[in-house]
Amino acid sequence: MILDHEIPFSLMKIRQQIQNLDTNSAIFSEFALKHVSDFLDIMQVYRGAMQEAGTKLEILDEEYSMRLSHNPIHHMERRLKSVGSIMEKMERRGFELTLESLKKNVYDIAGIRVVCNYVDDVYAVSKALCDQDDIEVALIKDYIANPKETGYRSLHVICMVPVYLSSGCVKAPVEVQFRTIAMDYWASLEHKLRYKSILPTEERTKHSKTLQDCAKTLAKLEDEMQEVQRDLISTQKKLALGSDSGLNESRQTNS
């Protein structure tokens, strides 16, 4: 299942986003307004790359379902950054104000969050995607093997994905975040505490420590549940091999 959090874009929509831009510098708004048509073309390419990556992931999920009777992907969420958010990030990070700088430095315009059932699923699906011939891996950050101090765990992969236009093929980056259901559940709460909370600093600090402990507990539980899942898959494979072997013997006897 894919959940889309896309912001519809058109010349009018992009102008509205720029007009609502929360920036301390009028230069960023002026730049964005000057390049509205360029942004429309850029967003089309990034949207195409996001859809292409999403389709690839859906196909992989279906393949696993057919071969192993197991869907590794619980659900996916796709989102396209607004032009306003792009401009705000460029200003915040101090990037040069050019279209070339935007393409070079902002890798998360198109994003997909892939929520898997188990940690093994995270690594299996991410590897299957990255190993495809037309995918280039620009960057991998493994916060599962090396969690952040906050307790955050996730596998971040930035892929260069081909988009075939009437003018030819171009590649655009898509940030794909792979995580388990438990990691996603934890990250959602931590995000609210960090960015949406109006709690006093002392309360936020206390809850942050609680979430750090929860992250360790969830990681331990996931390891234990993963072992159960591995045994189930191993048994399924043995049964399937036994069934195939029996079928082959039957065919040889009949012939």
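Select E227 first. E227 is partly exposed, at 42% relative accessible area. Partly exposed lies between buried, under 20% relative accessible area, and exposed, over 50% (1.4 Å probe, protein chains only).

Before going on, note that this is a predicted model: local features need pLDDT of at least 70, side-chain atom pairs count only at pLDDT 80 or more, and totals for chains, interfaces and linings use all residues. Residues are numbered from 1 along each chain as its sequence is written, and side-chain values use heavy atoms, with hydrogens and water left out.

**Stop 1**

A salt bridge here is a side-chain nitrogen of Lys or Arg within 4 Å of a carboxyl oxygen of Asp or Glu. R230 and E227 are about one helical turn apart because they sit three residues apart in helix α8. R230 is partly exposed too, at 38%. Helices are DSSP runs of H or I, at least four residues, and strands are runs of E, at least two; both are numbered from the N terminus.

Now select D213 and K209. Their side chains form a salt bridge at 3.1 Å, N to O. They are four residues apart in helix α8, so about one helical turn separates them. D213 is partly exposed at 34% relative accessibility. K209 is partly exposed at 45%.

Next, pick K206 and E203. The closest N and O atoms of this salt bridge are 3.6 Å apart. Both residues lie in helix α8 (residues 201-254), three residues apart, about one turn of the helix. K206 has a relative accessible area of 46%, so K206 counts as partly exposed. E203, at 29%, is partly exposed as well.

How many salt bridges does a search of the whole structure find? The search finds 14. For a linked set, select K81, K89 and D108: a network of salt bridges joins them. Leave D108 highlighted for the next stop.

**Stop 2: the largest pocket**

Show the largest pocket. Its volume is about 1,600 Å³. Which residues are closest to its centre? They are D108, R113, H156, E175 and Q177, out of 37 lining residues. The pocket comes from a 1 Å grid over the protein atoms alone: it is an open set of points with protein on both sides within 12 Å along at least five of seven lines, whereas a cavity is a set where a 1.4 Å probe fits but cannot get out; lining residues have an atom within 4 Å of a point. Grid points are joined across faces, edges and corners, and the volume is the space filled by probe spheres set on the points.

Colour the lining by element. At least two residues each come from β2 (73-80), α4, β3 (110-116), β4 (136-142), β5 (155-165), β6 (168-180) and α7 (181-196). Helix α7 gives the most, with nine residues.

Then colour the lining by class. Charged residues number 19, with nine polar and nine nonpolar. Nonpolar covers Ala, Val, Leu, Ile, Met, Phe, Trp, Tyr, Cys and Pro; charged covers Asp, Glu, Lys and Arg; the others, Gly among them, are polar.

**Stop 3: the strands around β6**

Select β6 and β5. They pair in the antiparallel sense over eleven bridges. Two strands count as paired if DSSP finds at least two bridges between them. β5 and β6 form a hairpin, with two residues between them. Pick M160 and look across to P173 in β6, which stands opposite.

β3 and β6 run parallel, over six bridges. Here V114 stands opposite F178 in β6.

**Stop 4: two buried residues**

Go to E190 in helix α7. At 12% relative accessibility, E190 counts as buried. E190 touches T150 and L211, not counting residues up to four places away in sequence. A contact means heavy atoms within 4.5 Å.

Move to G84, in helix α4 (residues 83-93). G84 is buried, at 5% relative accessibility.

**Last stop: the whole chain**

Zoom out. The chain has eight helices and six strands. Along the sequence, the pattern is β-α-α-α-β-α-α-β-α-β-β-β-α-α. Of its 255 residues, 40% count as buried. Take contacts between residues at least 6 apart in sequence: 69% join residues at least 24 apart.
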